[in-house]
Amino acid sequence: MSSILIRLSFIGFVTALSARCVDPVIPQIAWGLQIDPATVALLSTAFALPFALAQPFLGPIADMVGKIRIMILCLAVLVIASLVCGLATDFTVLFIARIIAGMATGGIFPVGLALIGEEIVELDVEAQHENVDGDDSREQCADPDDPEHASREGPPADANPARRRLRDR
């Protein structure tokens, strides 16, 4: 597995964790801030709604500016917003920081999925190159005087989809 897939898997785990990290500690947050637990439960919505609304905007921006750049920027914003959440002594500050964290995660998750897709396609193409090279080397090593080899013409040049894709590039 490539190192970028390992990193993206870790980033995916962190973003999923940041989405749900508040849920188990709602009673403790409510007690610490002296507010109703139902109000504290809104922190989940404060994260999820901007997360969903930011994706359609940050995805195309990532395509224009660069996926890695947007991901690094959003990760930095997520880290800062998460630190503010952890240090917040006021519910309003905590609520706004969760909104910002949700928006940042909205730029991380879809961009990460796009990068994973690109990496898998790249690995697939590399595997096809190896397969094509392996097929060619076997054909080159075959004895042309061998009756089994001589009796078959072999598949047409376009029969191998990997070769077709490589040729069409």
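Predicted model: local features only at pLDDT ≥ 70, side-chain atom pairs only at ≥ 80, totals over all residues.
Of the 169 residues of the protein, 30% count as buried, and among contacts between residues at least 6 apart in sequence, 73% join residues at least 24 apart.

**Helix α1**

- Helix α1 covers residues 3-20, and at 1.5 Å a residue its 18 residues should span 26 Å, which agrees with the 26 Å that separates its end C-alpha atoms.
- The buried residues of α1 are Leu5, Leu8, Ile11, Thr15, Ser18 and Ala19, and because they fall within an arc of 145° when seen down the axis of α1, they line one face of the helix.
- On the face of α1 that is turned away from this buried side, the exposed residues are Phe10, Phe13 and Arg20.

**Helices α4 and α5**

- Two packed helices are described by the angle between their axes and the distance between the axes.
- For helix α4 (residues 42-65) and helix α5 (residues 67-87), the axes come within 6 Å and cross at roughly 125°, and α4 and α5 are therefore oblique to each other.
- On the α4 side of the contact stand Leu58, Ile61, Ala62, Asp63 and Val65, which meet Lys67, Arg69, Ile70 and Cys74 in α5.

Key. Residues numbered from 1 in each chain as written. Heavy atoms only, no water. Axes fitted to C-alpha atoms, helices over the stretch in contact; angles between N-to-C directions. Helix = DSSP H or I, 4+ residues; strand = E, 2+ residues; numbered from the N terminus. Parallel < 35°, antiparallel > 145°, perpendicular 65-115°, else oblique. Contact = heavy atoms within 4.5 Å. Expected span 1.5 Å × (residues − 1). Buried < 20%, exposed > 50% of the residue type's maximum accessible area, 1.4 Å probe, protein only. Arc of directions from axis to C-beta.
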